[in-house]
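Subject: Structure for your files

Hello,

Here is the structure we spoke about. My notes on it follow below.

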Amino acid sequence: MGNSYIAFKALLKGLDLEVILPPPITQRTLALGSKYAPECACLPLKTNVGNFIEALELGADTIVMAGGWGPCRFGYYAQIQRGILEDLGYSFNMVVFEPPDTGFDDLIEQARFLGGGIRFKEALSLFKFAWNKLIACEKLEKAIEFYLPRSEEKEQALAVYRQGLQAIDMAESREEVHFCADQSIQRLKNLSCRNDIQPLKIGLLGEIFTILEPGTNYYICETLGLLGVEVKRSIYLTDWINDHLLAGLVKKSRRKKIIKRARPYINYWVGGHGRETVGYAVEYARRGYDGLIQIGPLTCMPEIVAQTVLPRVSEDKGIPVMTLWFDEQSSAAGIQTRLEAFIDMLQRQKSSYSREVEA
Amino acid sequence: MNCYLGIDIGSVSSNFVLIDEKGRVLLDLYMRTHGNPIRAVQEGLALLQEKVDVKELVISGVGTTGSGRYLAAVLTGADVVKNEITAHAVAAAFYYPHVRTVIEIGGQDSKMILLKNGIVYDFAMNTVCAAGTGSFLDQQAARLQIPIEQFGGLAAHAQQPVRIAGRCGVFAESDMIHKQQMGYPTEDILMGLCEALVRNYLNNVGKGKKIEEPIVFQGGVAANQGLHQAFERNLGMKINIPPYYAVMGAMGAALLAREHIENVRHSTQFKGFDFIVDSDFQTQSFECKSCPNLCEVVSIRCGDQILAYWGDRCKRWESSIKMKHSRLKVI
């Protein structure tokens with residue numbers, strides 16, 4: 001998902017395994033996925049099926065997939081995918097990582113299976129290295145989200161960002177990883193940035209897969225940045241791993257606070273990130289953001305629940321909200337129009353408000 | 001005399017509006033796009049040239065909107081490129097300063113825009129379904145062999161509108177065929193279609209939105225009296241139809257161009273009637289193979305000169321031409 005492949009590559013490369021990364025998500029991935037996945041399933045299932053088929057074509061013999069439990073359908077996807085791929089005649093092993101909420105035993109056993117003969121100490125240092133790559137990628141992502149709307153040479157800024165990611169991918173030591181990230185951030189800073197302007201600030205909320213994978217959301221963060229908007233996402237992968245896989249051991253978690261914010265709009269765990277979406281909506285409204293965009297794959301149940309609640313948050317807190325659903329459409333024109341209209345609306349609201357204050 | 005030109009290139013129609021400095025409409029044109037936006041722009045401008053004495057007028061600013069807004073902007077040298085929502089809202093608020101709800105039904109999309117004090121505060125567009133749009137009416141009118149212009153007048157004479165399920169365009173059609181076979185009069189079926197479209201619109205586009213008066217109904221479909229009646233009946237409110245309802249998008253674009261020229265930049269980039277009408281514009285598309293995204297890139301050229309590229313996600317092509325109007329504010 002998104003740039004996380006850089007970290008996963010680093011992690012798996014250190015193990016005694018040959019790793020085949022699925023090629024980036026393209027039209028072909030989606031075409032394969034929607035051909036073989038059930039029509040009414042959500043986009044993550046379709047994309048993953050496409051990813052796996054492309055990886056199997058390249059000779060992969062083991063698939064690692066995340067599991068899960070609760071109201072969101074995702075927890076069952078690994079099993080469905082196994083079925084679909086087996087029906088297609090592929091033979092492979094499937095390792096499903098279930099979240100440790102159900103106990104660490106399975107996780108350790110599966111990790112051992114994948115790790116082969118590797119010792120615990122080595123595994124730990126490998127994990128740390130991959131974790132650092134992930135942190136470096138996110139540092140850079142946050143930097144582009146901040147500098148892109150302010151930069152006057154936007155294409156140049158995007159090029160620096162992409163080069164930075166490549167450099168992090170190639171880096172072989174922890175120091176080098178952070179050096180690459182910091183250097184790229186410095187270069188972004190130097191790219192004729194207008195620090196005097198205060199760009200619109202939008203909070204991007206919603207389902208994890210569509211937020212993290214630009215291939216499924218029509219590069220919404222970049223598009224908004226190019227339109228001169230600063231974006232803050234409700235989900236960054238390090239937070240998610242910390243909260244859900246490592247039980248909040250690595251860094252301080254904001255999750256509890258955010259879930260509290262969702263009250264009284266949503267008091268019950270509705271699966272996926274439904275509660276977090278509403279919680280972050282309240283949080284961003286309090287921090288004075290100009291608008292919110294909720295995104296998710298079409299038919300995503302937890303986000304539908306959140307969507308029905310968001311108009312009330314919007315009214316109570318006076319912050320505009322727009323919801324966009326993504327499915328296997330190929331035209332970005334509709335998305336572009338809606339984004340432009342939304343931003344235009346926020347801009348006009350803001351300038352009419354400041355006119356009122358002046359008068 | 002100084003005047004401003006607004007161009008709205010939509011999926012079905014291409015509209016042109018010429019306004020003076022006070023916002024009075026000097027000329028409006030409503031044409032069919034016929035799937036060729038470049039020719040639509042050229043024909044539209046040629047017609048404008050014929051109808052008004054161009055020598056007496058100075059085009060001080062140009063604005064474009066609609067799904068073909070970028071293309072039209074490149075061809076004409078527009079000063080503002082705006083999305084349809086803003087353009088329609090601005091035009092509605094120009095005629096009805098206190099408007100709260102704008103209902104706009106176009107060829108392929110339908111919108112609801114909610115305003116407060118002349119500022120948009122919420123909007124919605126139809127999603128993947130076409131059942132609530134003008135194209136649907138167009139098709140069904142063609143099926144019944146009734147010219148679309150007479151559709152509304154006939155529907156308004158219905159005694160008892162038949163019930164047609166409006167959830168899906170295809171099923172609505174089979175519903176309609178069934179009613180035809182049963183022998184219901186055509187007017188009643190037409191009105192039934194209008195009712196179905198209105199229900200679909202209110203359920204899909206207006207889902208969860210608070211509709212308040214004054215309401216303005218615009219877009220080419222507003223000519224349809226049947227729909228006008230159906231909306232008033234369903235909402236129990238008065239629906240206003242502005243004088244230039246069919247070209248409100250272009251009207252908004254012209255007003256925005258005026259605002260931009262008056263406040264931000266003081267000279268236009270308009271390329272002139274002769275250049276636009278007489279040039280031979282060519283488009284070309286290719287698949288960029290620089291990365292696995294395989295973007296479909298389109299280029300527009302005039303003779304040997306490439307005017308613009310778009311369609312590339314990474315902007316490598318788009319930025320390869322330092323477009324003269326890089327100052328052009330695309331919002």
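In what sense do strands β11 and β12 of chain B pair, and over how many bridges? Strand β11 (residues 281-287) and strand β12 (residues 296-302) of chain B are antiparallel, with seven bridges. (Strands, E, at least two residues, and helices, H or I, at least four, are DSSP runs numbered from the N terminus; two strands pair if DSSP finds at least two bridges between them.) F286(B) stands opposite V297(B) of β12(B).

This is a predicted model: local features need pLDDT of at least 70, side-chain atom pairs count only at pLDDT 80 or more, and totals for chains, interfaces and linings use all residues. Residues are numbered from 1 along each chain as its sequence is written, chains are lettered from A and ligands numbered from 1 in the order in which they are written, and side-chain values use heavy atoms, with hydrogens and water left out.

β12(B) also runs antiparallel to strand β13 (residues 305-310) of chain B, joined by five bridges. S299(B) has Y309(B) in β13(B) as its bridge partner. Two residues lie between the strands of this hairpin, where G303(B) takes a positive phi near 65 degrees.

Elsewhere in chain B, five strands form an open sheet of mixed pairing, in the order β8-β7-β6-β9-β10. Its edge strands, β8 (119-125) and β10 (239-240) of chain B, each pair on one side only. β7 (residues 110-116) of chain B pairs with β8(B) in the antiparallel sense over six bridges, and K111(B) has M125(B) in β8(B) as its bridge partner.

Regards
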